[in-house]
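This report describes selected packing features of one protein model. The sequence and the structure are shown first, and the description follows.

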Amino acid sequence: MRARRWAGPIAWLALALSPPGGVTSDYGGGGASSAVRSKREAGGSTMAFEAGAAVGAREGGVRFPFPFAPYRIQEEFMAALYRALEAGGVGIFESPTGTGKSLSLICGALTWLRDYEERKLQDEARLLQEPEQRDRESSLGGAPDPASGEPAWVAQFVQGKAARDQADRAKEEQIKRKKREERLEKIRHNVQLKYASKRKKCEDDETERLLQLSKEILSKEAGSDVLEQLDHNEEELILAEYESDEEKKVGAGLDEDDDDDDLEEEHVTKIYYCSRTHSQLSQFVHEVQKSPFGKETRLVSLGSRQNLCVNEEVRHLGAIQLINDRCMEMQKNKHEKKNEGEETVGKRRRVSRAVCPFYSYEQMQFLRDEVLVDVKDIEQLVTLGKKTKACPYYGSRYAIPAAQLVVLPYQMLLHESTRNASGIKLKDQVVIIDEAHNLIDTITCIYSAEVSGSQLCCAYSQLLQYMERYRKRLKAKNLMYIKQILYLLERFVSVLGGNVNQNPNTQSISQAGTELKSINDFLFQSQIDNINLFKVQRYCEKSLISRKLFGFVERYGAPSTVKTNKENQKTTGLQNFLLTLQQEPEKEDPETDQLKMASPLMHIEGFLSALTNANQDGRVILNRQGTISQSRLKFLLLNPAVHFAEVVKECRAVIIAGGTMQPVADFREQLLSCAGMAADRVVEFSCGHVIPPENILPIILCSGPSNQQLEFIYQKRDQPQMMDEAGRILCNLCNVVPGGVVCFFPSYEYEKQVYTHWEGTGLLTRLATKKKIFQEPKRSNQVEQVLAEYAKCIKRCSQAGGHMTGALLFSVVGGKMSEGINFSDDLGRCVVMVGMPYPNIKSPELQEKMAWLDKNMPKTAGQAPSRVLTENLCMKAVNQSIGRAIRHQKDFASILLLDHRYAHPAVFNKLPQWIKERTLIKIGFGQAFAELRKVSVTSSVCRLHMETPTKDPFPFMHSFSP
C-alpha cells in the first residue's frame with residue numbers, strides 16, 4: 001500500500017479542516033492506514049441517501065455510505081480521494097480492475113460533495129445572520145469616530161458593505177436553489193405534470209402543420225420570381241451572407257442559443273466524470289444508480305449528437321461530422337425563420353428551410369428537469385427524448401448548471417472548443433478522468449490531424465465547381481473566403497509535389513520520403529504565411545461551408561444524378577472527377593471512406609485548425625509516397641500539456657484514475673510539470689488487489705526448455721531457434737494449464753510470422769491436441785464472433801473433459817483484445833507475453849517526439865527522456881495486457897513474461913505494485929514449470945470449491961467496446 005504518501009503534503013488539514021456536524025478527522029500521521037476511526041456519525045447534508053440502504057464505512061473520521069461492506073483497500077481509496085478533493089491539486093489514483101474502483105470513486109467523491117454542500121449551507125446561514133446582528137448593533141448608536149469625526153454607525157456601515165454584498169449574493173443563491181428544488185420536487189411527485197408538456201407539444205405540432213399547408217397553397221397560387229431556377233433542395237445549398245468579426249461587433253458573443261438565455265443557471269459545485277467509451281460511461285451510471293447516492297444525486301449524461309439525436313432525418317446521415325453540421329444548420333434555419341418578416345404575395349419569397357421539430361424551448365426545459373429528477377444513462381435519455389419530443393442533446397446540456405455529477409466522454413472535456421460549445425464550465429469544479437492510462441495519447445490524438453493528397457484534390461475540385469455553380473448568388477465576403485480556401489488547398493497539394501488540376505491517382509511523386517517541418521517553416525514553404533488562418537477557421541465554422549459542399553456533392557456527385565440539359569452541363573466535370581477517385585482500392589471502413597470522399601473539406605478544416613497551434617508545440621509531417629493520392633500531410637502535437645493546462649488551472653481538483661497507471665512518470669513530467677503544476681500539489685495513491693497472494697503467479701522467465709536465453713529484440717526475434725523456444729514453452733504450458741491461455745505478441749506482423757513458422761514445423765498441430773487455437777482478427781466487427789467462439793470452446797471442454805483442455809488465443813499488444821476486455825475465470829488462466837513490445841523508433845512521429853523531450857525535459861536517473869519514453873510506452877502496453885486475467889476476488893491466474901530484460905530493475909519497477917510484489921524471477925525453465933504445475937494442481941481443487949457458475953456465458957462482452 002502507498003497511502004502513506006499522503007501524510008506529508010496535507011498534514012496541515014488536520015488543524016485547518018473539520019467535516020460537518022463536528023465529526024473529527026485524523027489526516028496526519030500514517031494517512032489512511034493509521035487514521036483514527038471516530039464513533040460519531042457525520043452531520044446532515046443536502047445530498048441525502050436512502051436510509052438503511054447502505055453499509056457505512058468509516059475512514060479518517062469520515063463516514064462513507066456504501067452498498068455493502070467494503071474491502072479495506074476501498075476504504076483507504078475513498079479516504080485518500082476525500083483528502084485529495086479537500087486539498088485541491090491533482091491526484092493520480094491506481095486501483096486494479098476487480099477491486100471496485102468505480103464504486104469507490106462514486107462513494108468517495110459524492111461523500112466529499114455532500115459534506116462540501118453542507119459546509120456551504122452553514123456558511124450561507126452565517127452570512128445571512130451577520131448583517132442582522134450588525135444592524136441591531138448599529139441601531140444602538142455610539143460615540144463619533146475620533147479620527148474622522150463621523151458617527152460610529154457610519155463607520156460600521158462602510159465596514160459592513162462587503163459583508164452585506166456577500167449576504168445578498170448568498171440570499172440570491174438560496175432563492176434560486178429553493179426554486180429549483182421546488183420545481184424538481186413537483187415533477188418528482190406529480191406525474192400529471194410529466195405529460196402536460198407533451199400534450200401541448202402535440203397541439204403545437206398540429207397548428208404548425210396547418211400553417212405550413214396554408215403557406216404552401218398561397219405560394220403555389222402566387223408563384224415565385226427567382227434569380228435562377230433553383231428548386232427547394234438546391235436553395236438550401238447557398239451560403240448565407242457572412243459577416244466577419246470586425247463587422248459584427250454589436251452581436252459579438254451571440255450564437256444560436258441566444259433566445260434560450262433564460263434557461264441558463266449559475267453553475268453549482270459539481271463533479272465531472274469522464275471515461276473513454278460509451279459503454280464505460282453507461283456502466284458507471286448504472287453503478288451510481290445502485291449506490292446509496294442513486295436516489296438523490298442530480299446526474300446528467302452527456303454524449304455526442306450521434307448518440308443522442310432523435311431526429312431520424314439527421315440520424316440517417318451516419319457520420320458524426322455530417323450529423324453535427326446538419327443539426328447546426330437546422331438551428332440556424334430556425335433562428336432565421338424567427339427573424340424574417342412576412343413577405344407580401346407576388347414578391348420574391350424566401351424558400352422555407354427545414355427546422356428541427358425536437359428543438360423546442362418548452363420541451364427542452366421539461367426534459368432538463370426530468371433529467372435532474374432521476375439518474376438516467378444515455379439510452380434512457382434518448383427514450384425520454386423520443387417520448388417527450390424534445391432534443392436530448394440540448395436538453396442534457398441545459399441540465400449541466402444544476403447537476404451535481406456530469407458524466408461525459410474524454411473528447412467533450414479535453415477538447416476546448418467542444419467543451420465551450422457544450423456549456424461546460426470548469427472554474428472551481430472537480431474533474432475525475434477514469435481509465436486514464438492513455439490520457440497523454442488521447443490528448444495528442446484529439447489535437448492532431450491528417451489529410452491525404454486525394455482529399456485535398458477532391459476538396460479543391462468540389463469547392464471550385466460549387467463556386468462556379470453559385471457565383472451569381474454568393475456575396476462578396478463568401479467569394480473572398482472561398483478563394484482563400486482554394487488557394488490553401490492548391491498550395492498544400494503543391495508542397496506535396498502535385499497539381500490540383502490533375503488526377504491524384506495518376507500523379508507520380510519524383511522524390512518519395514518523409515519530411516518534418518515546424519509550423520512556421522511549413523507555412524513559409526507553402527507560401528501561405530500571409531493568410532490569417534484564424535479567420536479562415538472561423539469562417540468555416542460559422543458559414544457551415546463543408547455541410548453546404550456535402551449537400552452539393554450529394555446532389556451532383558453521384559452517377560445517377562447526371563443530367564444532359566444545358567443548365568447542369570457545368571457539373572459534369574465534378575462528376576467525372578469523383579468517379580475517377582472512386583477507383584481507389586476498397587478500405588476497411590466503408591462509412592469513413594464515404595465521408596472522406598464525399599466531404600473531404602470537413603477533415604481539412606481540422607488540419608487548418610491544428611496549424612493555429614504555437615510553433616514550438618507541434619510539427620507538420622510531409623509524407624510523400626508513390627502518388628499524390630497516397631501522400632499525406634499530418635500535424636503532430638508534441639506538447640499535450642498546453643491543452644491540459646487550462647483544465648488543471650481552472651479546476652479545484654483533478655483526479656486521474658485507472659486500473660493500471662504505472663509508470664506514472666509520464667503523467668508527472670510530460671503532462672503535469674509542463675502544465676505548470678507544482679510537484680507538491682501532485683499526490684499518488686496506489687492500492688493492492690483483493691485477491692489472496694496465492695491466487696496469482698507472475699513469473700519472469702529468462703530462458704526456455706533448451707536453455708536458449710529469451711531475448712526477443714528486433715535483431716534476434718526472427719531467428720528460428722527463438723521462435724522454436726517460445727513454441728516449446730507454450731506446448732508445456734498447455735499441458736498443465738486448464739481453460740484458456742492468452743498469448744500476446746508485440747505486433748500483428750510478428751504474430752503472423754511466428755504462426756507461419758510454427759505451422760511449418762508442426763508445432764501448431766501439437767498445440768491443437770490440447771487447445772483449440774484462435775487468432776485475434778484485424779477487423780473490429782469480427783472480434784465479438786472470435787471471442788464468443790473462444791468462450792464456447794472453453795466451456796465445452798470444461799464440461800466434456802477429455803484430452804482437449806480449453807483454447808489458446810493469439811493476441812497482439814495494443815490490438816483489439818489488449819484492453820477493455822475481461823478474460824476472467826476460465827477465459828484466462830494464463831497470460832503469456834512474448835518479448836517486450838517497444839514502439840517502432842523508426843517512426844517519424846516518435847523520433848520527433850523523442851527529440852522534443854530530449855530538448856525540453858531533464859534526464860531521469862541518468863537516462864535520456866527519449867529512452868524513458870520508449871520504455872514507458874512499452875511497459876504501459878504490457879501492464880494493460882497482463883491485467884486482463886484477474887478480474888475479481890476469487891479469480892486466479894498465472895502470468896508469464898518471456899524475456900530476461902523484464903528482470904532489469906528499471907523495467908521491473910514499472911510493473912504494477914500488486915503484480916511486482918508477487919513476481920518470481922526464474923533463470924531456468926525447469927523451476928518455473930514446477931511452480932506452474934504446483935499452482936495448476938492447487939487451482940483445479942480451488943476451482944471446484946470456490947467458483948460458482950456464471951449466468952452469463954460471455955462475461956467479457958460487457959466491457960468490450962470496439
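Contact here means heavy atoms within 4.5 Å. Helices (H or I, at least four residues) and strands (E, at least two) are DSSP runs, numbered from the N terminus. The model is predicted, so local features need pLDDT of at least 70 and side-chain atom pairs count only at pLDDT 80 or more, while totals for chains, interfaces and linings use all residues. Residues are numbered from 1 along each chain as its sequence is written, and side-chain values use heavy atoms, with hydrogens and water left out.

**Helix pairs**

In the contact of helix 17 with helix 27, Leu 439, Ile 440 and Ile 443 of helix 17 meet Asp 666, Phe 667, Gln 670 and Leu 671 of helix 27. By class, this contact comprises five nonpolar, one polar and one charged residues (Ala, Val, Leu, Ile, Met, Phe, Trp, Tyr, Cys and Pro count as nonpolar, Asp, Glu, Lys and Arg as charged, and the others, Gly among them, as polar).

The geometry of two pairs is tabulated below; axes are lines fitted to C-alpha atoms, for helices over the stretch in contact, and angles run from 0 to 180 degrees between N-to-C directions.

| Helix pair | Axis distance | Angle |
|---|---|---|
| Helix 17 (439-446) and helix 27 (665-673) | 10 Å apart | about 35 degrees |
| Helix 19 (476-495) and helix 20 (519-526) | within 9 Å | roughly 100 degrees |

Helix 19 is therefore roughly perpendicular to helix 20, a term for angles of 65 to 115 degrees. Arg 491, Phe 492 and Val 495 in helix 19 meet Phe 522, Gln 525 and Ser 526 in helix 20.

Seven strands, in the order 16-17-15-18-19-14-20, form an open sheet with parallel pairing; two strands pair if DSSP finds at least two bridges between them. Strand 16 (771-775) and strand 20 (920-922) stand at the edges with a single partner strand each, so one side of each lacks a neighbour in the sheet. Strand 15 (739-745) and strand 17 (806-812) are joined by seven bridges in the parallel sense, and Phe 744 stands opposite Ser 811 of strand 17. Helix 29 (748-761) lies across strands 15, 16, 17 and 18, at about 135 degrees to strand 17.

**Thr 99**

Thr 99 lies in the loop between strand 3 (89-94) and helix 3 (101-139). Its relative accessible area is 1%, and Thr 99 is thus buried (under 20% relative accessible area, 1.4 Å probe, protein chains only). Leaving aside neighbours within four places in sequence, Thr 99 is in contact with residues including Tyr 71, Ile 73 and His 689.

Key
Parallel < 35°, antiparallel > 145°, perpendicular 65-115°, else oblique. Buried < 20%, exposed > 50% of the residue type's maximum accessible area, 1.4 Å probe, protein only.
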